[in-house]
Amino acid sequence: MSSPLPSSSSSPSSPPSVLGLAPVVPVVVVEDAADAVPLARALVAGGLPAIEVTLRTPAALDAIRAIAGEVPDAVVGAGTVITPGQVDEAVDAGARFLVSPGWTDVLLGAMRASGVPFLPGVSTASEVVALLERGVREMKFFPARAAGGTAYLRALAGPLPQARFCPTGGIGADSAPDYLALPNVGCVGGSWMLPADAVAARDWGRIERLAREAAGLSAGARCR
Ligand code: 3PG
């Protein structure tokens, strides 16, 4: 049986929450769909069950399909979703959450209609306000490091405490705990546990070790 999705609030009718899936979400670019299952198994074994496969390569949808079908302990989602057509393709392939680097009303409408939880992307206070106006409280903050990092997110928490974020972009093992310690951060996304040379060498053992370190980092940050 596949893992259940957490609810975004105490109400059973609330949409499930992406931010509640796991403190660290690996962001994966799959070049060869044959790598998807062993890579996902390594991430799950290391303690990172929520996996975002970016729709940036021709192999991405096959990768999502393979993980959804063969790695029951993973919660696979689609990232880099920027069109309504990609929303449909990703959900058909088995994506259980959707992430976008930005948003438009057209995209938001398609994401809502998909029935799976989603994170539209923001990088300014005005975008946050516009999403709150549309009833969306959970967002990706992208590109996190370039857009102001932890200082920017901390500054948003004062006037906009109802917004919660998954910062992504330029985050590493060194900075992830600082993001996770912020009150308005639910999880962080990143690719630091998936070095290009390890993926190219199909060194799943190294990826599992890096995933375990990432999962441990998040536990430490929560306890501080
Ligand atoms: C992305 O969409 O590429 C993510 O933000 C991952 O960014 P990173 O590779 O800098 O971690």
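This is a predicted model: local features need pLDDT of at least 70, side-chain atom pairs count only at pLDDT 80 or more; totals for chains, interfaces and linings use all residues.
**Exercise 1. Is Pro 16 buried, partly exposed or exposed?**

Solution. Step one: take the count of other C-beta atoms within 10 Å of Pro 16, which is 17. Step two: recall the cut-offs. A buried residue needs 20 or more, and an exposed one has 12 or fewer. Step three: compare. Pro 16 has 17, so Pro 16 is partly exposed.

**Exercise 2. How many residues apart in sequence are Pro 16 and Leu 39, and how many Å apart in space?**

Solution. In sequence, the separation is 23 residues. In space, the C-alpha atoms of Pro 16 and Leu 39 are 25 Å apart.

**Exercise 3. Does the radius of gyration of the protein chain agree or disagree with that of a compact globule?**

Solution. Count the residues: 224. A compact globule with 224 residues would have a radius of gyration near 17 Å. The protein chain has 16 Å, so the two agree. For the overall extent, the C-alpha trace spans about 45 × 40 × 30 Å along its principal axes.

**Exercise 4. What share of the 224 residues is buried?**

Solution. Buried residues make up 45% of the protein chain. The chain has 9 helices and 9 strands.

**Exercise 5. How do the residues around the ligand divide into nonpolar, polar and charged?**

Solution. First, list some members of the shell. Among them are Val 27, Phe 142, Ile 171 and Trp 192. Gly 79, Thr 168 and Ser 191 are also included. Then sort the shell: 4 are nonpolar, 7 are polar and none is charged.

Note on methods
Residues are numbered from 1 along each chain as its sequence is written. Helices (H or I, at least four residues) and strands (E, at least two) are DSSP runs, numbered from the N terminus. The radius of gyration is taken over C-alpha atoms; the globule rule is 2.2 Å times the number of residues to the power 0.38. A residue is near a molecule or strand if its C-beta atom, placed from the backbone, lies within 6 Å of it. Ala, Val, Leu, Ile, Met, Phe, Trp, Tyr, Cys and Pro count as nonpolar, Asp, Glu, Lys and Arg as charged, and the others, Gly among them, as polar.
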